[in-house]
Amino acid sequence: MRDTPELVGEMTMVRAGVVPTRRAALYAGLALAATAVLCAAVVALFGVNRVFTGLLAGAVAGVTVAAMLFTRDAVVLTEQAIYRRTPWTESSIDWGRVVAGRFTLDERARWSLALDLSGGDERHGELVLLSIPPVLRPVSGAYDLRKREQVNEIRALLRRKRIPVTVLPEIAGALQRHWEIAPPTR
C-alpha cells in the first residue's frame, strides 16, 4: 500500500517548485557542454571513425547532467519547514513566514500556486510552488496525473498547517470538473 500524506504524519514531504527560465537555460547549456566535451574526447582518443560512439556517449552524459540538475532544483515542503534547493545551495523558510496561499493566473496565463511570505528577500514576497497550463479536460497522461497529485499533496499539507488558500472560482470549477478535486472548504 502506498503511503498517503495523511498516513505518513510527521514524515510528509512534498516536492514542488518552478525552475526559472534563466536557470533552465543554464542547465541546458551545461548538458550540451557535457555532450560536446565527451564527444570530443572520444573522437580525440579513438579517431574520427568513432563520432557516432562519441555522440552517443555524450548524449548519455548530457541527459544525466540535465537530470541531476533539474532533480536537485526544487522546493520541498515538509512538516518542519520549506526548503528551496538549487544544485549549489539550499535554504529553508519557516512555516511561520507563510501568510497565505493562492491559486491564480500568472503573467503567462498559466495557473500558479504560490505562497505569500512575510519578510525575507523573495521576489514579490512569494514562493511559486506550481505553474501548470489551465486544466481543460480530465487527466489524460502522466504529466496531468503527477500535477494532480502535487496539487492534492500541497493542499493537504497547507490544510494541516492551517494556511488559508485563495482559489479563483474558474480554477476551482475546472479542478473540480476535470480533475475531481473538491474546492477548499474555507
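Buried means under 20% relative accessible area, exposed means over 50%, and partly exposed is what lies in between, with a 1.4 Å probe and protein chains only. By this scale Arg102 is partly exposed at 21% relative accessibility.

This is a predicted model, in which local features need pLDDT of at least 70, side-chain atom pairs count only at pLDDT 80 or more, and totals for chains, interfaces and linings use all residues. Residues are numbered from 1 along each chain as its sequence is written, and side-chain values use heavy atoms, with hydrogens and water left out.

**Salt bridges**

A salt bridge is a side-chain nitrogen of Lys or Arg within 4 Å of a carboxyl oxygen of Asp or Glu. The structure holds eight salt bridges. Three of them are listed here.

| Pair | Closest N to O distance |
|---|---|
| Arg102 and Glu126 | 2.3 Å |
| Arg146 and Glu149 | 3.4 Å |

Helices (H or I, at least four residues) and strands (E, at least two) are DSSP runs, numbered from the N terminus. Glu90 is partly exposed at 45% relative accessibility. Arg72 is partly exposed at 27%.

Arg102 forms its salt bridge with Glu126. This pair links distant parts of the chain: Arg102 sits in strand β5 and Glu126 in strand β7, 24 residues apart. Glu126 is partly exposed, at 22% relative accessibility.

Arg146 and Glu149 are three residues apart in helix α4, and about one helical turn separates them. Arg146 has a relative accessible area of 31% and is partly exposed. Glu149 is partly exposed too, at 29%. Elsewhere, salt bridges that share partners join Glu79, Arg160 and Lys161 into one network.

**A lysine without a partner**

Lys147 also lies in helix α4 (residues 142-160). Lys and Arg count as positive and Asp and Glu as negative, while His and the chain ends are not counted. Lys147 is buried yet has no salt bridge. The nearest side chain of opposite charge, Asp144, is 9.4 Å away. Contact means heavy atoms within 4.5 Å. Leaving out residues up to four places away in sequence, Lys147 touches Leu130, Ile132 and Trp179.

Two strands pair if DSSP finds at least two bridges between them. An open sheet of four strands runs in the order β1-β2-β3-β4, with antiparallel pairing. Its edge strands are β1 (13-16) and β4, each pairing on one side only. Axes are lines fitted to C-alpha atoms, for helices over the stretch in contact, and angles run from 0 to 180 degrees between N-to-C directions. Neighbouring strands of this sheet are turned by 20° against each other on average, direction ignored.

Four bridges join β1 to strand β2 (residues 74-78), and the two run antiparallel. Arg15 stands opposite Val76 in β2. Helix α4 packs on the sheet and touches β1 and β2, its direction making about 130° with that of β1.

The bridge partner of Ala100 in β6 is Asp116. β5 and β6 form a hairpin with five residues between them. Ala109 in the turn has a positive phi of about 65°. β5 is also joined to strand β8 (residues 165-167) by three bridges, and this pairing is parallel. There Gly101 stands opposite Val165.

Ser112 is found in β6 (residues 111-117). Ser112 is buried, with a relative accessible area of 8%. Beyond four places in sequence, contacts of Ser112 include Arg102, Val128 and Leu130. Val128 belongs to strand β7 (residues 126-132) and is partly exposed at 27% relative accessibility.

**Aromatic pairs**

Rings of Phe, Tyr and Trp (its six-membered ring) pair if their centres lie within 6.5 Å; planes under 30 degrees apart count as stacked, over 60 as edge-to-face and the rest as tilted. By this rule the count comes to three aromatic pairs. Tyr27 and Trp88 form a tilted pair, 6.1 Å centre to centre with 45° between the planes. Tyr27 is in helix α2 (residues 21-46), and Trp88 is in the loop between β3 (81-85) and β4 (90-94), 61 residues apart. Tyr27 is buried at 0% relative accessible area, whereas Trp88 is exposed at 54%.

The ring centres of Phe103 and Trp111 are 6.3 Å apart and their planes stand at 90°, so this pair is edge-to-face. Both Phe103 and Trp111 are buried. Ring pairs link Tyr27, Phe70 and Trp88 into a cluster.
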